[in-house]
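Please read the following briefing alongside the sequence and the model. It is arranged by topic, with the cut-off for each term given where the term is used.

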Amino acid sequence: MIIELMGPLPNLRAMTSTISRLTVGLLAFALLVAACSSDSTEDTTTTTTAPTTTTTTTTLEDTTSSTSTSTTTTVPELVVSEAINGMPAPDDRIDRRMVVVKIDNHPRARPQSGLEVADVVFEIPVEGGITRFMAMFHQSDLDYVGPNRSGRPTDSTIMTSLPGQPFQISGAQPWVQNIFSADDVNVVYDNGTTTYRESSRPRPNNLFTSTLLIRDWADERGWPDEGPGNLFVFGEPTPGEAEAVTIATPVSDGGIPRWEWDGEHYLRFHDDVPHEWVAPDGEGGQVAFDTIVVMRMRRYTASPSGEGTPVPAMETVGSGELFVFTGGEVISGTWERESKTDRFTLLTSDGDPLVLEPARIWVSLVPTSETVSWE
């Protein structure tokens, strides 16, 4: 079993806050003494080892400069990479393709594997009042991801903004497959090469995959091996507006996904039950992400033109209400998207670009019929 991933970095919000306090201190010192010396710091690369998992933290470099003849202090800029979530990583990981895997969220599919290392996850409502996940692996790799389930029309509208990236699903109705084909999505179906059955789980919630095998599959077919670039705008983050330590993001009248801020991350729950992940050796923990992006949009029924079964879908083109939860605070605004080949644009309530801190990001598509709440 091979497990390779890029783990979480030190809390960048805390780093930025610390740098700001240092800058103020340097300025005050310069005004009093009228002289100061130049200083620069560089975070070192660290590696930690956990059971069956190797975590690597990549260097972030901050520079602060001042002179003895001036009271002007240069405020360090946050270093942002071209990774999907803006987090620093080696060039060979930033430049390579991203792998997207559809993961089931039926109660019998839990605990899932892969959510704990995915760089970005989209949560999308499906039939039965539940959701499924599109887990995106750009910097990270894992050879035990699942349970893998079937595709839906909404998936295609997300993948069209990420051209060339492979999308692993267990299958799809013929009319949905036609949508993927028309949209030129590089779909990887249950083929017995990138997928396998986990004997300890009952069907259909036992199909698993490997991002490493998917990458090999894509190479064999000559699919582009290019990075997707940033999903959103990253940099010095937009300040929060109010406290938000407990979040409810309902998708139906059924169980309510919740998030609770623990001082470092948002921990996920289904109602009051912790949402767990599991590794092949049985080790596990609670699903946790740094930033939660909630976009409210219209839910509708997508119907086949011929044979097939209608399924719920989300209207991802247009605009709607937006909430970003980060650092225990909320930022409200609007999301916009002109076409399904465009990335989502996030705007503040004043219409300015909403800038996110580089971090692991969870994106929830919530129907306008449901109410997002926090406290």
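Asp219 lies in helix 5, where helices (H or I, at least four residues) and strands (E, at least two) are DSSP runs numbered from the N terminus. Asp219 is partly exposed, with a relative accessible area of 44%; buried means under 20% relative accessible area, exposed over 50% and partly exposed in between, with a 1.4 Å probe and protein chains only. This is a predicted model, in which local features need pLDDT of at least 70 and side-chain atom pairs count only at pLDDT 80 or more, while totals for chains, interfaces and linings use all residues. Residues are numbered from 1 along each chain as its sequence is written, and side-chain values use heavy atoms, with hydrogens and water left out.

- Leaving aside neighbours within four places in sequence, Asp219 is in contact with Arg97 and Asp225, contact meaning heavy atoms within 4.5 Å.
- The side chains of Asp219 and Arg97 make a polar contact at 2.9 Å; a polar contact is a pair of N or O atoms within 3.5 Å, where within protein one must be able to donate a hydrogen and the other to accept it, and residues adjacent in sequence count only if both atoms are side-chain atoms.
- Helix 5 spans residues 211-220, and its buried residues are Thr211, Ile214, Arg215, Trp217 and Ala218. They lie on the same side of helix 5 because they cover an arc of only 160 degrees around the axis, the arc being that of the directions from the helix axis to the C-beta atoms.
- The elements that cover these buried residues include strand 6 (99-104), strand 8 (131-137) and strand 13 (207-209).
- At the N-terminal end, helix 5 is capped by Ser210, a side-chain oxygen of which lies 3.2 Å from the backbone nitrogen of Leu212, and the helix is followed by Gly222, whose phi is positive, near 70 degrees.

- Arg268 lies in strand 17 (residues 266-270) and counts as buried, at 0% relative accessibility.
- The side chain of Arg268 makes polar contacts with the side chain of Glu123 at 2.7 Å and with that of His275 at 2.8 Å.
- His275 lies in the loop between strand 18 (273-274) and strand 19 (276-278), and His275 is buried, with a relative accessible area of 1%.
- Not counting residues up to four places away in sequence, His275 touches, among others, Asn105, Arg110, Phe133 and Gln286; the contacts of Arg268, leaving aside neighbours within four places, include Asn105, Phe133 and Gln286.

**Aromatic rings**

- The structure holds 10 aromatic pairs, in which rings of Phe, Tyr and Trp (its six-membered ring) have centres within 6.5 Å, planes under 30 degrees apart counting as stacked, over 60 as edge-to-face and the rest as tilted.
- Trp261 and Tyr266 form a tilted pair, 4.9 Å centre to centre with 55 degrees between the planes, and Tyr266 is buried at a relative accessible area of 0%.
- One aromatic cluster is formed by Phe133, Trp259, Phe289 and Trp362.
- Arg258 lies over the face of Phe269, at 4.9 Å from the ring centre, and the charged end of Arg337 sits over the ring of Phe344, 4.8 Å from its centre; the criterion is NZ of Lys or CZ of Arg within 6 Å of the ring centre and within 35 degrees of the ring normal.

**Confidence**

- The protein chain averages a pLDDT of 84, and 78% of the residues score at least 70, pLDDT being the predictor's confidence in each residue, from 0 to 100.
- Over residues 1-78 the pLDDT is below 50, and this stretch has 118 contacts in the model beyond near neighbours in sequence.
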